[in-house]
Amino acid sequence: MGPAPAGAAGELEVMEPMLEGAVKKKKKVSLKRRVEARSPAEGLLQPVKLSRAELYKEPTSEELNRLRETENLFHSSLLRLQVEELLKEVSLSEKKKERIDAFLREVNQRILRVPSTSETELTDQAWLPAGVRVPLHQVPYTVKGCFRFLPPAQVTVVGSYLLGTCIRPDINVDVALTMPREILQDKDGLNQRYFRKRALYLAHLAQHLAQDPFFGSVCFSYSNGCHLKPLLLLRPHGKDERLVTVRLHPCPPPDFFRPCRLLPTKNNVRSAWYRGQSTDGSPGEPPTPHYNTWVLQDTALEAHVQLLSTVLGSGPGLKDGVALLKVWLRQRELDQGLGGFSGFLISMLVAFLVSTRKIHTTMSGYQVLRSTLQFLATTDLTVNGISLCLNSDPSLPALADFHQAFPVVFLDFSGCLNVCADVTASTYHQVQHEAQLSMALLDSQAEDSFQLLLMTPKPMVRAFDHILHLRPVSRLQAACHRLKLGPELQDYGGDYVSAALGPLTTLLEQGLGSRLHLLAHSRPSVPKWEISQDPPKHKDTGVLTLGLLLRPEGLASVLEMGPEADQPEAAAFRKLWGPRSELRRFQDGAIREAVVWEAASVAQKRLIPRQVVTHLLAHHADIPETCVHYVGGFLDALIQGPKETSGTGEEALAAVVRCYDDLSRLLWGLEGLPLTVSAVQGVHPVLRYTEVFPPTPAWPAYSYYERLRKQASLVPRPDKPCPAYVEPMTVVCHLEGSGQWPQEAEAVRRVRAAFQLRLAEILTQQHGLQCRATATHTDVLKDGFVFRVCVAYQREPQLLREMRSPEGMITLRDTPASLRLERDTKQLPLLTSALHGVQQQHPAFSGAARLAKRWVRAQLLGEGFSDESLDLVAAALFLHPEPFSPPSSPQVGFLRFLHLVSTFDWKNSPLVVNLNNELNVEDQAEMRSGFLAARTRLPVMVIFTPQDRKSSMWTQDGPSVQILQQLVVLAAEALPILEKQLLDPWGPGDIRTVFRPPLDMYDVLIRLSPRHIPRHRQAVDLPAASFCRGLFTEPRPSLLMPVLGYDPPQLYLAQLRAAFGDLALFFYDQHGGEVIGVLWKPSSFQPQPFKASGMKGRMAVSRGGELAMVPHVEAILEDFAVLGEGLVQAVEARSERWAV
């Protein structure tokens, strides 16, 4: 499972222009686009044909060496090719490097020519022109010290460009500007003096460089999002403006600051200066570990580059591995912003692994990637830090000292600088979680592991079950005061977002407890601003977004059970939960502290984390619920039943399944049947929890019907609205084998009919159930639900395969009847049972599958896809979630469904759904190779399961190429719209937008009367008013069978397709749709030779002196209205869409 590989392009016969044309240009694709005549195999992946001489040619020594390297250093030849192509794609070409080097030389010369200034006080900034602002928030403004500008003592290229590990598309070159000692003073490490001088240094540079026409863009930004460390960004002028961005980092001479003054236990921001408090600055001063680290980072720029250059230059595979790791981080959005796990950190980690001999210099890039991911997956740097320092100097601080100051610890070779100082515990745990998923994917040896690992993006909205936005972020300022984070604010220089982030995530992790698997937070993108503007304020960072990855097993509980009242832990529990904590006596007699959440339905239980989060934030951080925008259940309304207010149908589904279980026990225990029941198996979607709108008990009001007393049945009254739709749920009842069964198919059918009659009699006599028997099934009314029991004989499909020759020889051959019967009585029950097991294992499967089917049908494409095929696509998201973890909310499952449908290479790959984990790697490889060999004989959409490894039986009847193409286009358009809505911190707007079908593509629209649409209340846009459908809400004794399967729009559609199926395609949303879309078939408008027998829907015209037949559109439209008299309100012809 996975996206289409690069180069395959997903070309599904007419799919080539699909994503490139329709999606990028945002134009709807017409279903009637003609399919060009071509070979059936054109565009398919085909094996390469070699001559005998080429096939058996002796390999060269170079080929043997390459094969040996592939065997030793890579997983497979395919993986080696994929890695090499990716590295080519993300690496810089030599021509671009030459242009970048030329630009860097010019930058160097221009920087050295910037004139000096005279010395002034730091607070005297009048020398700066009005068009340049200092890129730093100077709070407090008063600070001691003097400043003058002198050209840098040294200009050095540092970072990934010099190391050869930078990756496209955004090429950044870091340049360190070593400020002369003359402009620095001994105590510049105190009270932001160094950072003020650094900012003024950049402001003066910006003033002069901005006047140089050589530069196309000169602006400020932050170094890794740290607001105390601005950067100056330079871009070339003209066509090379997007070639490169040069980032200027002013830094002190390497040995200017004494490391012992910048240890994590030291204070370098005095409270008397920062807070205006009167203190002598001795032992009562809080340490400022982050402030100290930011100063140390600037002193170590060149030393770190020298270390990395030495290590990464020792083997070509090391640089390739770092590049692959950067791609891996980028796809997971882990490397951006303050606290991100940057490319520099991953490079330092590779250097550490080389120094500890966990990575060898002869390893390939793939092995470096794998070894690094293995280390990340198994090592928790929040508990056990690591260090590059080999010095055993006792004056150096211990790792434990750093663990007290920082959540994540990774020391450089000096033993004084924690390079992971800005990484939060949440971010590192997210990196660790992703590494664990990636290692599981690599160990699975899946064919598409490369695609899923390095080519599939993982945005937060698709990776986490619930998302919440804190807005505005200025509320975190009050939270800092409530949480008493004064020392942290002093350390972070007033950045209340960074100061509050760690305590808030720790608080939420503690409160969510067993419900939570992982909590992650966004890292706002690093801002850029013009040199004439003030730097952005902390509140300008937008919103703080948190992602919750939930444990499905912990979501069902409404109770947080605390310690017993007399235990010492009880006080901490009460402090955490505040007024929500209360004493309760439990069945075992214990009196405990407990918190009970309000949740009456499964849907509400899924959203208990919302109650937890909003309560904890309000109680501990003074963040009201109005400032928390929680995204977890916005799509639930699309699968709520007409009369449901809080649930999403899970309770109704469970009620049907319980009723089915009761009926099964009755069938097993029947007495009086000639043969005993050997198996009872449900096959209806409701019994695998995937029916979009589960049935409700039907208690018919007789005033809406006419009675057929002889048949104990009801029929609709023409003067009343269409009655409620009651769908019978099919149950297959297998009888035991016996030698008395006849050996002819027709005789078996007659015996089964007799069993159906006898079954109805016994159920009525022994259990008082209302039954109605036919030759093929028996309808049973139980507790308001109608079950359609079909008796099956296990050898009947075999009898239908038997073909007798004139000589009396019997041969076995599959026939449409035998395949259909085997599918309905053997394969479908097995599939229903397996999908029922998926629901038991993954509770969100039901909601995700129902949302997926609701969306497909809302696009008027439901007729092209069987229930089973859509259920299997949804099941694949849970059984093969790579590179994600299985969804725990329907919302995320639906987003991944859209992504899978829109990116999967349906033409060149089968979707393998490994139900019950019955298929091993070899089985799946064999199925894929068999697929390629038989591709031209298989349907356009191929889904394999353990029971269906060759034929894709669930997609044999559809979709067609055009229908699948349209679904892919619509999914590709809907996904970014829906993700943007869910990520909008001020509300999703109209969440039903992506569920509304595009009607502008149809040639004719047939408007239906809601009076005769029985499922009118299931529409995407819930009608303000509808009609009473003749059902009581409370149980009533019913002696008559309700009207079954009566849906006038579906009956009308069947008539339209029977009468005009050769001229047009018809599309309809069975869940309350009020419009039928009609598309003319292009081939039907080609003039046909005149035939008197073929005049149906056509008229005779003269073409070139000969009579020909063309569609009589006006008459056909009139027939549409006549066929649907009473049901059809209007027929809208869009004449510009067709021509005769």
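The legends below describe close-up views of a predicted model.

**View 1. The crossing of helices α18 and α20.** Helix α18, spanning residues 475–482, and helix α20, spanning residues 496–512, approach each other with their axes coming within 9 Å and crossing at roughly 60°. That angle makes α18 oblique to α20, and the crossing in which α18 passes α20 is left-handed. On the α18 side the contact is made by Leu 476, Gln 477 and Cys 480, while α20 contributes Tyr 496, Val 497, Ala 499, Ala 500 and Leu 504.

View 2. Lys 484 is found in the loop between α18 and α19, the latter covering residues 486–491. Although Lys 484 is not a glycine, its phi is positive, at about 55°. Lys 484 counts as exposed because its relative accessibility is 71%, the cut-off for that class being over 50%.

**View 3. Gln 192 and Lys 187 in the loop between β4 and α7.** The loop between β4 (172–178) and α7 (193–209) holds Lys 187, and Gln 192 has its place in the loop between β4 and α7 as well. Gln 192, which is not a glycine, has a positive phi of about 65°, whereas most residues other than glycine have a negative phi. With a relative accessible area of 1%, Gln 192 is buried, while Lys 187, at 53% relative accessibility, counts as exposed. The C-alpha atom of Lys 187 is separated by 9.0 Å from that of Phe 257, a residue 70 positions apart from Lys 187 along the chain.

**View 4. Surroundings of Thr 379.** Thr 379 is found in the loop that runs between α13 (365–378) and β8 (386–387), and Thr 379 is buried, its relative accessible area being 16%. A polar atom of the Thr 379 side chain lies 2.9 Å from the backbone oxygen of Phe 375. When neighbours within four places in sequence are left aside, Thr 379 is in contact with Tyr 428 and Gln 432.

View 5. Val 139 and Pro 140 are joined by a cis peptide bond with omega about -5°, and Pro 140 has its place in the loop between β1 (120–121) and β2 (146–147). The peptide bond from Gly 958 to Pro 959 is also cis, with omega near 10°, and Pro 959 is placed in the loop between β28 (943–944) and α32 (961–983). Most peptide bonds are trans.

Key
Residues numbered from 1 in each chain as written. Predicted model: local features only at pLDDT ≥ 70, side-chain atom pairs only at ≥ 80, totals over all residues. Heavy atoms only, no water. Axes fitted to C-alpha atoms, helices over the stretch in contact; angles between N-to-C directions. Helix = DSSP H or I, 4+ residues; strand = E, 2+ residues; numbered from the N terminus. Parallel < 35°, antiparallel > 145°, perpendicular 65-115°, else oblique. Left-handed = near helix turned anticlockwise from the far one by under 90°. Contact = heavy atoms within 4.5 Å. Buried < 20%, exposed > 50% of the residue type's maximum accessible area, 1.4 Å probe, protein only. Polar contact = N/O pair within 3.5 Å; in protein donor to acceptor, adjacent residues only side chain to side chain.
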